[in-house]
Amino acid sequence: QVQLVESGGGLVQAGGSLRLSCAASGSIFRINGMGWYRQAQGKQRELVAVSSGGTSNYAESVKGRFIISRDNAKNTVSLQMNSLKPEDTGVYYCNADVHTSRGPVFYKYWGQGTQVTVSS
């Protein structure tokens with residue numbers, strides 16, 4: 001069993017910054033991709049940023065404002081969010097593709113979500 005625990009959400013004014021953190025623990029052999037998704041009310045969950053194989057990818061809407069960082073030794077991932085906009089409001093979910101043993105099979109795990117609210 002693998003658990004992802006997020007922290008760092010909250011309420012911030014437009015133009016402000018927040019930092020989200022996520023720590024994975026449990027039966028982890030190796031983690032491939034690790035990243036962040038978000039879901040605004042009434043909308044589908046969307047990718048925000050992901051770190052995999054030493055490279056990072058971002059949604060177009062957050063490029064230049066958000067920075068994802070990862071500590072492979074600690075199985076953690078963070079998301080520094082700058083110049084926040086009201087449209088960044090939503091529940092942010094940490095995601096990890098986890099190998100629980102040697103071999104090609106991996107499982108996708110999700111955190112419980114943390115609310116980010118940006119007021120105008």
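**Salt bridges and their surroundings**

A: The structure holds five salt bridges, a salt bridge being a side-chain nitrogen of Lys or Arg within 4 Å of a carboxyl oxygen of Asp or Glu. This is a predicted model, in which local features need pLDDT of at least 70 and side-chain atom pairs count only at pLDDT 80 or more, while totals for chains, interfaces and linings use all residues. Residues are numbered from 1 along each chain as its sequence is written, and side-chain values use heavy atoms, with hydrogens and water left out.

The network consists of R38, E46, R65 and D88, which are linked by salt bridges. Within this group, R38 and E46 meet through their side chains at 2.7 Å, N to O. R38 is buried at 6% relative accessibility, whereas E46 is partly exposed at 37%. Here buried means under 20% relative accessible area, exposed over 50% and partly exposed in between, with a 1.4 Å probe and protein chains only.

R65 lies in the loop between β6 (55-58) and β7, and D88 in the loop between β8 and β9, so the pair ties together parts that are 23 residues apart in sequence. The strands named here are DSSP runs (E, at least two residues), numbered from the N terminus. Both partners are buried: R65 has a relative accessible area of 9%, and D88 has 0%.

A further salt bridge joins D97 and K108, whose closest N and O atoms are 2.8 Å apart. It links distant parts of the chain, with D97 in strand β9 and K108 in strand β10, 11 residues apart. The two side chains also make a polar contact at 2.8 Å. A polar contact is a pair of N or O atoms within 3.5 Å; within protein, one must be able to donate a hydrogen and the other to accept it, and residues adjacent in sequence count only if both atoms are side-chain atoms. D97 is buried, at 13% relative accessibility, while K108 is partly exposed, at 42%. Strand β9 covers residues 90-99. Leaving out residues up to four places away in sequence, D97 touches R30, I31, N32, G33, F106, Y107 and K108, where contact means heavy atoms within 4.5 Å.

F66 touches R38 and D88, among other residues including V48, Y58, L79, M81 and Y92, not counting residues up to four places away in sequence. The largest nonpolar core has 27 residues, of which W36, V48, F66, L79, M81 and Y92 touch the most other members. Such a core is a set of buried Ala, Val, Leu, Ile, Met, Phe, Trp, Tyr and Cys residues joined through side-chain atoms within 4.5 Å. The elements that give two or more residues to this core are β1 (2-7), β3 (18-26), β4, β5 (46-52), β7 (66-71), β8, β9 and β11 (114-119).

Another charged side chain, R45, is placed against aromatic rings. R45 lies over the face of Y93, 3.7 Å from the ring centre, and its charged end sits over the ring of W110, 4.6 Å from the centre. A charge sits over a ring if NZ of Lys or CZ of Arg is within 6 Å of the ring centre and within 35 degrees of the ring normal.

W110 also takes part in an aromatic pair. A search of the whole structure finds one such pair. The pair is Y37 and W110, edge-to-face, with 5.0 Å centre to centre and 70° between the planes. Y37 belongs to strand β4 (residues 30-39) and W110 to strand β10 (residues 107-110), so that distant parts of the chain, 73 residues apart, are linked. Rings of Phe, Tyr and Trp (its six-membered ring) pair if their centres lie within 6.5 Å; planes under 30 degrees apart count as stacked, over 60 as edge-to-face and the rest as tilted. W110 is partly exposed, at 34% relative accessibility.

Definitions and conventions: Helix = DSSP H or I, 4+ residues; strand = E, 2+ residues; numbered from the N terminus.
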